Amino acid sequence: MNSKTKGVLQILLVVILIAAFGFVAYRGVGSNHRGSAKNIRLGLDLKGGVSVTYEATEANPNPTDEQMEDTIYKMQKRVETMSTEASVYQEGSNRVTIDIPGVSNSAEILETLGKAGSLQFVMYNNLTDKDGNASPDEGEEVKFDEKNIELDGKGIEDAKATQQTSETGISENVVIVTFTGKGSKTFSTLTGNHVGEQLAIVYDNKLVSAPVINSKIDGECVISGGEDFKDMKNVQELASTLRIGALPLELRNIHDNVVGATLGSEALSSSLLAGVIGLLLVIIFMIVMYRLPGVAASIALVFYVGAMLLTLNLLNVTLTLPGIAGIILSIGMAVDANCIIFTRIREELATGKTVASSIKNGFSKALSAIIDGNVTTLIAALVLFLKGSGTVKGFATTLAIGIILSMFTAIFVTRILMESFAALGLTDTKLYGLQKERDTINFIGNWKKYVIISGAVVVICVAGIIINIAGPKGSMLNYALDFVGGTSTSVSIDQNTDITDDLKKQVLDVVKTATGLTGEVSSSDDKGVKKITIRTTALTEEQSNTVRTQLAQKFNTDEGQVESETISASVSSEMKTDAIVATLIAAVCMLIYIWIRFRKFATGASAVLALVHDILVVFTVYVVGSSFIQVGSTFIACMLTIVGYSINDTIVVFDRIRENQKGASSRTDLAGVINKSITETLSRSINTSVTTFIMVFILALLGVSSVRQFAIPLIVGVISGCYSSVCVAAPLWYLMIGRGKKAAKRTTYSKKRA
């Protein structure tokens, strides 16, 4: 096979894969359209619904794994009747979170979830179905007189699913039930009086099972037989249901959130539009800047988007608003690897090498920087996933998937396309461009100027903190509900209605009448969705339900247009702690990784100090912009994203310094090596920052308020990340290894070529 034929086949392969991804993303596979983008699970902030988190009370603060599994099973069974998309999952060692997207009867749902499960034993002939008919089937809702309850769940000690050998020598699935002392006596009398009859097991007014009593039972009860018992899963579910009735685990609501679908729908459409526009602008930028390689990168980006949609669906990832932001951000970051590679290829071409050889060497030399940069960003994503919850965890998931896919597309897809172009005869260097020689910039000699610039940021930050503390709110930041606790209730107002002070007072009066509490009232007009919001101290579920109902009646709207969120003080305190701990863990992990990879502690230390600089810059944005930017759960995601992004850029610079040091003689001045390395990577640093800036800027421009509050600090972080990688990290490293300002003064740079 000649090279041209191979090139054509490789391009066809990529095109076919992109078409396949596109088809699956649009249409799906099979009758259930598995894999289609429309089947991606949407979070509450995109679809609306109810979310509630329960925690084990002080009566049993450290439940066993079995108790947690039983609780999750109980809740899952309960919410399945409310929504097919409902999910129940464990958080930490003693918490259970329930997400029910797409529901509007929030008051009823929260009330139902808050009830303890009820397990009763009733003689089957005393049951009727909900219509009053006798002989109900298993799984049906049933009715019975409470005086006919023979035994309840309190009489059960334990229930286990197992296998045992019957009298005929056949192994069968069974449930072995043990009772408490009092329960055992009651059950013995019950079975003795009703031999040959069916005993119904009812949980939450639904018939679970109705086994026949074969004999009087003293001690353990063995439930066996029936078609359902052939499947061990059914046996385990019955055992779990029986255990649930006696579960000593008491739960309390520590966080509930009722989200309306109106703003979620607008957030989804505006974020997707931002993604499409941003992607097109990045493609145009890459083609203009890198010519034919830019075309390859653009095709790889389209491949990346299709692969991302397919992966989200196949892994059943719940997509949230921060998750979409993570995807859009990763599109901008996906270009980074391509920028590193293309810069290397241009440098190789400038030395006179052939296109094919330059492509091979370019990918080879760029590999270490790409891997190191992406691994450190993955560290930030991993810490976010482990320390975050809810939407933050969703952001971490999509960011991690995006990083892995972007590495694959850059290293493999882009390379296949580039080699195919060369094989087809597209070897004119004008199609690729040559890396121009640049005058080496004296970054090390200007380190004092950078100290002044960074010092000015510190002064602004401190001044902003003082002004904020002295202001009406009395705090240095505008904390969201996540960080202070309490209840936030929002009612959507008709688009044609002006939000006046009188209207705000009406909302305040409703809350005061229903709860006796007052609070802080604010309003917003976000993409045509008008809201009035009141924040109070934490309300009980009953109070919150009453407020939502009365606000809906007051403003003649559906209760689905009234949102609320309640977070306990303990949870908000944990979120603050998690924000600090997560950042520290990420910084330490990155320090260790860089130390190992570059074999110098000073390299890791200077990189981490540059990260501290970027965190301070972004923190200053939250301080100065406290009137419109809140510090909530996405604050953690924003900070760690900047940490991951900035370290990526810094590692590229350090990687080039390491390479140039190997090629330098022992007499070569270190300051000169550093300045040359930064200058050589400068265009790549700027281009990468521009592509990421484009994506985040479009997100801030078109996104809803919650997205803008995430995107605006990121914009500043991207700019700061580029600045610190060039002007802070390397000069810090130079000073830390003992080659201070005296050596810098001895070095002169007058039109000196790199």
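**Close-up views of a predicted model**

**View 1. Helix α5 and its buried residues.** Within helix α5 of this predicted model, the residues Gly183, Phe187, Ser188, Leu190 and Thr191 are buried. The elements that cover these buried residues include the strands β4 (119-123), β7 (149-152), β9 (171-179), β10 (199-203) and β12 (221-224).

View 2. Four strands, in the order β7-β4-β10-β11, make up an open sheet with antiparallel pairing. Its edges are formed by β7 and by β11 (206-209), each of which pairs on one side only. On average, and with direction ignored, neighbouring strands of this sheet are turned by 35° against each other. Helix α5 packs on the sheet, where it touches β4, β7 and β10, and the direction of α5 makes about 150° with that of β7.

**View 3. The pairing of β4 with β7.** Three bridges join β4 and β7, which pair in the antiparallel sense. Within this pairing, Val122 stands opposite Ile149, a residue of β7.

**View 4. The largest nonpolar core and a separate one.** The largest nonpolar core has 134 residues, of which Met286, Tyr622, Leu640 and Ile674 touch the most other members. Helix α11 (residues 391-423) contributes the largest share of this core, with 16 residues. Another core, of 23 residues, lies apart from it and has Leu119, Phe121, Phe179 and Val235 among its members. In soluble globular proteins, nonpolar side chains tend to be buried together.

**View 5. The surroundings of Leu640.** When residues up to four places away in sequence are not counted, Leu640 touches Ala380, Val383, Leu384, Ala582, Thr583 and Ala586. Leu640 is also one of the residues that touch the most other members of the largest nonpolar core.

View 6. Most residues other than glycine have a negative phi. Ser135 counts as exposed because its relative accessible area of 52% is over the 50% cut-off. Arg291 likewise is not a glycine and has a positive phi of about 60°; its place is in the loop between α7 (261-290) and α8 (292-314). With a relative accessible area of 41%, Arg291 is partly exposed.

View 7. Ile156 belongs to strand β8, which covers residues 156-165. Its relative accessible area is 3%, and Ile156 therefore counts as buried, the limit being under 20%. The C-alpha atom of Ile156 is separated by 5.7 Å from that of Thr180, although these two residues are 24 residues apart along the chain.

View 8. A disulfide is a covalent bond between the sulfur atoms of two cysteines. The structure holds zero disulfides.

Technical notes. Residues are numbered from 1 along each chain as its sequence is written. This is a predicted model: local features need pLDDT of at least 70, side-chain atom pairs count only at pLDDT 80 or more; totals for chains, interfaces and linings use all residues. Side-chain values use heavy atoms; hydrogens and water are left out. Buried means under 20% relative accessible area, exposed over 50%, partly exposed in between (1.4 Å probe, protein chains only). Helices (H or I, at least four residues) and strands (E, at least two) are DSSP runs, numbered from the N terminus. Contact means heavy atoms within 4.5 Å. A nonpolar core is a set of buried Ala, Val, Leu, Ile, Met, Phe, Trp, Tyr and Cys residues joined through side-chain atoms within 4.5 Å. Two strands pair if DSSP finds at least two bridges between them. Axes are lines fitted to C-alpha atoms, for helices over the stretch in contact, and angles run from 0 to 180 degrees between N-to-C directions. A disulfide is a pair of cysteine sulfur atoms within 2.5 Å.
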